[in-house]
Amino acid sequence: MTTDMTPAAAGAAPFGRALCAMVTPFTEEGALDVDGAQRLAADLVARGCDGLVLSGTTGESPTTTDAEKAVLVEAVREAVGGAPVVAGVGTFDTRHTVELARQAEKSGADGLLVVSPYYSRPPQDALEEHFRTVADAVGLPVVLYDIPGRTGTRIEADTMIRLAAHPRIVAVKDCSYDFLAAQKVLSRTDLAYYAGCDEHNLALYAVGGAGWISTVANVVPEQLRAVLDAFDAGDTSGSARLQQRATPLIELTMSSGLPGTVTTKALLHELGHPAGPVRAPLRPADRETVRGLLAEYERLVAR
């Protein structure tokens, strides 16, 4: 399969260009904060996110229950109207993943994010069968989530190319840090490639990516969307400057030695947005990190 997808052809992005990998707000007691999730979701869409991805890495999916995942989809679906809602359903168990996929479909999701099975590290043929089984079980479009640093297993480019033939496998969230492999898949399939690492948002978009699925967009959606908007308007140097301005906050959020969920929730809390604590085994950010995050945020939004 071939593609003529370019960044300007925004219709090639099945869920829009700018998707926030939303945190899952909790109450101070650690319960799912349904009202907070609705308020945060509505605010993110109002501030420039085309859609939301729930229950991914940033959404602390390993520590939320199946019931909480369903409630979250239903609540956010109600809050954002017609904006796309993509539900993370990936686990290390194919059968459980299928159950979550069917649950998400019933709860009103528009698409599914399916991560590689973690810990068990299946070979590529088993990995391919896992994704096909999930895609065959539902009627929703599927986004493959390639994040080998967490799962221990790459979705190899040739596996992606074969999976692209499936009618419901439509996109990739790319956290592989393998830019050549991404371009290989882009050149040989019509899969929509979303940058899953904020430092690659512009770079992947510039070679035909669909946009981003961003953790940092929980805090600065307007600033990250502006990068794409400038590029689409033909202002490539301006787009590069906007990406560079966001880099210090991206670096501190994603590369401070803490998971992005921890740093993002800490900054959201400082700014008065719904977030709440993280769930164990994660721990909250220390005050020095929080001060640094807030300083970089203020520098970015002041420009």
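In this predicted model, Leu294 lies in helix α12, which spans residues 287-302. With a relative accessibility of 22%, Leu294 is classed as partly exposed, because the buried class requires a value under 20%. Beyond the neighbours within four places in sequence, Leu294 makes contact with Leu267, Glu270 and Leu271. Of these residues, Leu267 is 27 residues away from Leu294 in sequence, while the C-alpha atoms of the two are 6.5 Å apart.

The model also contains a closed barrel of eight strands, which follow the order β1-β2-β3-β4-β5-β6-β7-β8 and pair in parallel. On average, and with direction ignored, neighbouring strands of this sheet are turned by 25° against each other. Strand β1 (residues 18-21) and strand β8 (residues 211-214) run parallel and are joined by three bridges. Ala18 is placed opposite Trp212 of β8. Helix α9, formed by residues 221-232, packs on the sheet and touches both β1 and β8. The direction of α9 makes about 160° with that of β8.

A further packing concerns two helices. Helix α1 (residues 34-46) packs with helix α2 (residues 66-80) at an angle of about 45°, and the axes are 8 Å apart. The two helices α1 and α2 are therefore oblique to each other, and the crossing of α1 past α2 is right-handed. On the α1 side, the contact is formed by Val34, Ala37, Gln38, Ala41, Ala42 and Val45. Helix α2 contributes Val71, Leu72, Ala75, Val76, Glu78, Ala79 and Val80. By residue class, this contact between α1 and α2 comprises 11 nonpolar residues, one polar and one charged.

Key:
Residues are numbered from 1 along each chain as its sequence is written. This is a predicted model: local features need pLDDT of at least 70, side-chain atom pairs count only at pLDDT 80 or more; totals for chains, interfaces and linings use all residues. Side-chain values use heavy atoms; hydrogens and water are left out. Two strands pair if DSSP finds at least two bridges between them. Helices (H or I, at least four residues) and strands (E, at least two) are DSSP runs, numbered from the N terminus. Axes are lines fitted to C-alpha atoms, for helices over the stretch in contact, and angles run from 0 to 180 degrees between N-to-C directions. Contact means heavy atoms within 4.5 Å. Buried means under 20% relative accessible area, exposed over 50%, partly exposed in between (1.4 Å probe, protein chains only). Angles under 35 degrees count as roughly parallel, over 145 as roughly antiparallel, 65 to 115 as roughly perpendicular and the rest as oblique. A crossing is left-handed if the near helix is turned anticlockwise from the far one by less than a right angle, and right-handed if clockwise. Ala, Val, Leu, Ile, Met, Phe, Trp, Tyr, Cys and Pro count as nonpolar, Asp, Glu, Lys and Arg as charged, and the others, Gly among them, as polar.
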